[in-house]
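Have a look at the model, then work through the steps.

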Number of protein chains: 2
Amino acid sequence: MPGPVSLYLAGPEVFLPNAREVGAAKKAICAEHGFLGRFPLDGTDGTNGDSGPVTDGHAIFRSCIDMMQDCDVIVANMTPFRGPSMDVGTAVEIGLMFALGRPVFGYTNVVGDYSTRVTADGWQVEDFGFADNLMCEGPVFESGGSIVRTGVADVERLTDLTGFEACVRAAARTLGLET
Amino acid sequence: MPGPVSLYLAGPEVFLPNAREVGAAKKAICAEHGFLGRFPLDGTDGTNGDSGPVTDGHAIFRSCIDMMQDCDVIVANMTPFRGPSMDVGTAVEIGLMFALGRPVFGYTNVVGDYSTRVTADGWQVEDFGFADNLMCEGPVFESGGSIVRTGVADVERLTDLTGFEACVRAAARTLGLET
């Protein structure tokens, strides 16, 4: 019998002061829909004794890569973070999982298109009706995943899990874990 | 005899009004160092007749993916773009090329660490001495690439090619095209 379907929980909430709590909440939602949720911080405690901070960064990176290679699907928090676009670390993870052939699902707690959040200043602004840069959303569409956009109060933008749960549910349906 | 070493030119300059001109300048620098530079826009003219904008976005995405799969190495412009972090589309491309086993090189025209550009607001700010989120820089280090940081005038931040050329030179040395 195959093991449970592992779902990589990508998103900037690893930077929240209560990151592990948020990770636990996400994993509980995953379990309700038939997934084994894996939260990036599960693989590391963020320190490795007396070596310097750069070394820790490399260790965290390696731990995340190992975890992703071990996961069957990714659900990425694509909510704008520190600017008009999603978290860049999460973007790297989307590219990596897409290249590994995994289905990519995403959610954002901002409803508007990317083009509504950017002023051009002479630069071209992508206006494809996407939530973000086309390279972020392309992997979702091409891998058979989907994107959930949910409007939430500003103060809940990076913590509300309504869209996340809808996204996990969509992934469960797509992968045949739920009907 | 093997063909030339193809180098994927990743970066937000595809959004510049004179994007193709910048692409040509980057390709000329690549040629000086033994690389065949490939610029994302070479694969598409950004339109496909009378279909809507979303369709164009998908076509551009597919064209970029095909081009990357055809390239041996990536040089990514990691200069902060529309916020404290690099362009998210370029970040996706870094993750993808890393997963494909290609060496990842990067450059940024801002010298300071990521932590100097962000205010915490209760969120943890990575302080590993990296130029950006550790997921962006990890692929560079693990793939045997390197990052070049160059300080330039603000107005030249997204167009100055001094750091780009240094990065291409580093890639040429690492891949044995130059000594």
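**Exercise 1: the interface**

About 4,300 Å² is buried between chain B and chain A, and carbon and sulfur atoms give 73% of that; buried area here is the accessible area (1.4 Å probe) that two parts lose on being put together, summed over both. This is a predicted model, where local features need pLDDT of at least 70, side-chain atom pairs count only at pLDDT 80 or more, and totals for chains, interfaces and linings use all residues. Side-chain values use heavy atoms, leaving out hydrogens and water, residues are numbered from 1 along each chain as its sequence is written, and chains are lettered from A and ligands numbered from 1 in the order in which they are written.

Task: work out which residues of chain B lose the most area to chain A, and how many salt bridges the rule finds across the interface.

Step 1. On the chain B side, look at B:R82, B:W123 and B:M135: they lose the most area to chain A, together 19% of what that side buries.

Step 2. Now the charges: the rule finds two salt bridges across the interface of chain B and chain A (a side-chain nitrogen of Lys or Arg within 4 Å of a carboxyl oxygen of Asp or Glu). B:E142 pairs up with A:R62 in a salt bridge, with the closest N and O atoms 2.4 Å apart.

**Exercise 2: a helix pair**

Task: find how the axes of α3(A) and α4(B) cross.

Step 1. The axes of α3 (residues 88-99) of chain A and α4(B) come within 7 Å and cross at roughly 50 degrees (lines fitted to C-alpha atoms over the stretch in contact, angles running from 0 to 180 degrees between N-to-C directions; helices are DSSP runs of H or I, at least four residues, numbered from the N terminus).

Conventions:
Helix = DSSP H or I, 4+ residues; strand = E, 2+ residues; numbered from the N terminus.
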